[in-house]
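Please read the numbered points below beside the sequence and the model.

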Amino acid sequence: MATVLVVEDDEYVRSAIIQELSRRQHAVRSAGRALDALREITQHPPDAVILDLGLPDLDGSEALKMVRSVSSVPVIVATARDNEAEIVRLLEAGADDYLVKPFSGDHLNARLDAVLRRARAASPPQIVRVGELAVDLNRREATVGGTPLTLTRREFDLLAYLAARADRVVSRKELLTEVWQQSYGDDQTIDVHLSWLRRKLGESASAPRYLHTVRGVGVMLVAPSS
């Protein structure tokens with residue numbers, strides 16, 4: 001069983017997909033607009049998304065880009081567009097698979113099962129632990145000693161990236177490329193976010209516990225020695 005978010009503005013089609021997925025014992029959430037879908041993905045991360053391209057507030061291809069900016073959740077695009085170039089463009093933009101409307105329930109479930117198998121085989125540990133710090137990658141939540149940290153999206157992305165590479169020095173260039181998705185930029189942006197993270201972790205640059213700056217190289221997240 002998986003949690004699936006169905007993003008479809010046509011009530012009849014949405015209802016039919018929900019009914020079919022529910023019959024297969026999946027837990028289903030739904031949205032009729034792109035922005036509602038993004039809110040669902042960030043607040044209630046699903047295991048997979050079925051994304052219609054013809055949404056009323058935002059073209060589905062743009063919605064796909066926005067989803068990819070906040071989540072690596074598997075996305076199956078449901079489209080009436082059977083143009084090969086369009087499908088290739090969507091796959092290159094981050095879709096994991098596609099379905100051309102109309103499609104059968106069996107076809108839908110076969111594609112869904114396939115992307116879920118691939119995602120589960122490739123997925124990293126759901127919770128990364130470094131000392132008393134626990135970072136839940138799926139729920140996008142972090143705690144220290146069981147106390148939740150209130151983090152912005154970028155702060156969480158930065159913390160999660162460093163935690164997954166604990167005990168390794170990560171350069172500012174790598175952070176800029178992998179966390180900010182930029183090939184160039186200002187180191188000050190990274191320093192500001194590190195400062196905010198330190199404050200929330202209960203430390204400072206002069207008295208670090210988790211986040212240690214390696215001058216001229218980058219930053220490293222380690223478990224406190226005491």
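1. Helix α6 (residues 153-163) packs against helix α8 (residues 187-200) at an angle of about 80°, and their axes are 10 Å apart. Axes here are lines fitted to C-alpha atoms, for helices over the stretch in contact, with angles from 0 to 180 degrees between N-to-C directions. The two helices α6 and α8 are therefore roughly perpendicular to each other (65 to 115 degrees; under 35 counts as roughly parallel, over 145 as roughly antiparallel, and the rest as oblique). Helices (H or I, at least four residues) and strands (E, at least two) are DSSP runs, numbered from the N terminus.

2. This is a predicted model, in which local features need pLDDT of at least 70 and side-chain atom pairs count only at pLDDT 80 or more, while totals for chains, interfaces and linings use all residues. Residues are numbered from 1 along each chain as its sequence is written, and side-chain values use heavy atoms, with hydrogens and water left out.

3. Which residues of α6 meet α8? On the α6 side they are R154, E155, L158, L159 and L162, and on the α8 side H193, L194, W196, L197 and K200 (contact means heavy atoms within 4.5 Å). The residues of this contact divide into six nonpolar, one polar and three charged. Ala, Val, Leu, Ile, Met, Phe, Trp, Tyr, Cys and Pro count as nonpolar, Asp, Glu, Lys and Arg as charged, and the others, Gly among them, as polar.

4. Helix α2 (residues 34-43) and helix α3 (residues 60-70) pack at about 15°, with axes 10 Å apart. They are therefore roughly parallel to each other. The contact is made by A34, L35, L38, I41 and T42 of α2 with A63, M66, V67 and V70 of α3. By class, the contact of α2 with α3 has eight nonpolar, one polar and no charged residues.

5. Strand β12 (residues 218-221) runs antiparallel to strand β10 (residues 170-171), joined by two bridges, and antiparallel to strand β11 (residues 211-214), joined by four. Strands pair if DSSP finds at least two bridges between them. S171 stands opposite G218 in β12, and H212 stands opposite M220 in β12. β11 and β12 form a hairpin with three residues between them, and G216 in the turn has a positive phi of about 80°.

6. An unreviewed UniProt entry lists residues 3-116 as "domain: Response regulatory"; such annotations may be inferred rather than shown by experiment. Over residues 3-116 the chain is 48% helix and 21% strand, and the end C-alpha atoms are 10 Å apart.
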